[in-house]
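Colleague: I have the model open and want to go through a few spots. Can you take me through them?

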Amino acid sequence: MSNQYDIIVVGSGPGGEGAAIKAAKEGKRVAVIERYPRVGGGATHLATIPSKALRHSIQQVIESRRLNDADYQGLLQSTAGVIDEQVAVRRGYYDRNLIDVVHGYASFAGPNSLGISLDVGGKEQYTADSFILATGSRPYHPPDVDFTHPRILDSDIVLSIPDNPRSMTIFGAGVVGCEYASIFRGLRIKVNLINSRDKLLAFLDDEIIDALTYHLREQGTLLHHNEEYEKVEADDNGVRLYLKSNKEIYSDYLLWAQGRTGNSSNMDLEEIGIEVDSRGNIVVNDSYQTSQPHIYAVGDVVGYPSLASAAYDQGRFAATHSVFGSCENRLVEDIPTGIYTIPEISSVGLTERDLTKRKIPYEVGHAFFKHLARAQITGYKTGMLKILFHRETFELLGIHCFGHGASEIIHIGQAIMSQKGEGNSLLYFINTTFNYPTMAEAYRVAALNGYNRVR
């Protein structure tokens, strides 16, 4: 079999998958280079899928009130089956589209040539007309923290620790830190969550931030805001974190969750003139082209928005541009955010803080889950849906949800917000008949609540 392809994709996570399948559908001969033994990338094996599967298992244990029978190692086993199923599905996509998958580590040997250090041993040369780099990212490691110590973890290895921890310190209160704080507290593991800022997840609406902070504290998480680390010391029994505020925090493990770095090293990108920034992100233009126009980069390795869903679309757009020389499609302006804490959070559009800063006249509509029949039936009564809309035109400006199923509920609002002109209106929710009882009914309740404030 020839090692010459039309397009070679490096990485089989969401961005690589989207790129490879789109190119294959357009009749191109495509190969995917994957450094791990199985396809799926970090999203399937290290981050998104395993952490969300673990969270679901813990939520089931909490609801069954059988916490005394649960342990971390036992619940970790439940994630393995989900990963296996995802790998089988993703491998099937490549097989059906006649995409060759090569397992090994890729580095450029020239502008149109890759050297692949194969998993099975040896090295082969692959050439292509175009390349799409979808190599993802990894947790940032400050140089003065010893990540070779078994009790100092990052989000890539936290799901592989060999015992059942009694206490965990999480340094970094971003999305990953907050999600794992919820997961560990769900197992009654003592959690210290260290935040370098003055509030959690400042990009969220303030009301949602307040709800998250309240529930983390209610669950027993110890929050420490405005903290910086001085040093980290670990021994065989635990880790001591020294903070610049003169606090010392000791726990069984330390999970470092402070930032990520693009996987762009050891690929000899500099040898072919591809620009990389200080955090390892590959610099691209609006069409995802690097400084070498036939080499594209997508997903986490280019930085923001660093979402699996966005990466898949970026991969498709880059492949379209590679095949046709142009691509009219762009990421949607309002990308939904899903945060899988317990309860979960999702939002799309502007916050009250954004609207106030821009001096846009707005109003708020609320629906509290405890008042919805479906929530009363299921018992998921914690949470709310919040709609922000223009006081005069009723245009939807932002939708924010906190509670069970938030990441699903948000898409109804996203669909209406994406409509042009009069189609994007609060009145849609008032004049539409929703199934009853459903959680979707929250949109009608919130819309009427907001409408009554201005009429």
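This is a predicted model: local features need pLDDT of at least 70, side-chain atom pairs count only at pLDDT 80 or more; totals for chains, interfaces and linings use all residues.

Colleague: What should α1 span, and how far apart are its end C-alpha atoms?

Modeller: Helix α1 covers residues 14-25, and its 12 residues at 1.5 Å a residue should span 16 Å. The end C-alpha atoms are 16 Å apart, which agrees.

Colleague: How many residues of α1 are buried?

Modeller: 9 of the 12, so α1 is largely enclosed by the rest of the structure. The buried residues are G15, G16, E17, G18, A19, A20, I21, A23 and A24.

Colleague: What covers the buried residues of α1?

Modeller: The cover includes the strands β1 (4-10), β2 (30-34) and β5 (123-133), along with α4 and α7 (308-324).

Colleague: At what angle do α1 and α7 pack?

Modeller: About 35°, with the axes of α1 and α7 7 Å apart. The crossing is right-handed. On the α1 side, the residues involved are P14, G15, E17, G18, A19, I21, K22 and A23. They meet A308, A311, Y312, G315, R316, A319 and T320 in α7.

Colleague: Changing topic. In the largest nonpolar core, which residues touch the most other members?

Modeller: Y72, I170, F184, L193 and L200, out of 38 residues in that core. At least two core residues come from each of α3 (48-64), α4 (72-96), β8 (167-171), α5 (175-186), β9 (190-194), α6 (206-218) and β14 (253-256).

Colleague: And what does L200 touch?

Modeller: Not counting residues up to four places away in sequence, L200 touches A173, C178, L193, N195, I209, L212, T213, L216, L223 and H225. There is also a second, separate core of 27 residues, with L372, F394, F434 and V454 among them.

Colleague: Last one, E344. Where does E344 lie?

Modeller: In the loop between β17 (337-339) and β18 (345-349).

Colleague: Is E344 buried or exposed?

Modeller: Buried, because its relative accessibility is 7%, and the cut-off for buried is under 20%.

Colleague: Which side chain does E344 make a polar contact with?

Modeller: That of R55, at 3.3 Å. Leaving aside neighbours within four places in sequence, E344 is in contact with R55, I339, C401, F402, G403, G405, A406, S407 and E408.

Notes
Residues are numbered from 1 along each chain as its sequence is written. Side-chain values use heavy atoms; hydrogens and water are left out. Helices (H or I, at least four residues) and strands (E, at least two) are DSSP runs, numbered from the N terminus. Buried means under 20% relative accessible area, exposed over 50%, partly exposed in between (1.4 Å probe, protein chains only). A polar contact is a pair of N or O atoms within 3.5 Å; within protein, one must be able to donate a hydrogen and the other to accept it, and residues adjacent in sequence count only if both atoms are side-chain atoms. Contact means heavy atoms within 4.5 Å. A nonpolar core is a set of buried Ala, Val, Leu, Ile, Met, Phe, Trp, Tyr and Cys residues joined through side-chain atoms within 4.5 Å. The expected span of a helix is 1.5 Å times one less than its number of residues. Axes are lines fitted to C-alpha atoms, for helices over the stretch in contact, and angles run from 0 to 180 degrees between N-to-C directions. A crossing is left-handed if the near helix is turned anticlockwise from the far one by less than a right angle, and right-handed if clockwise.
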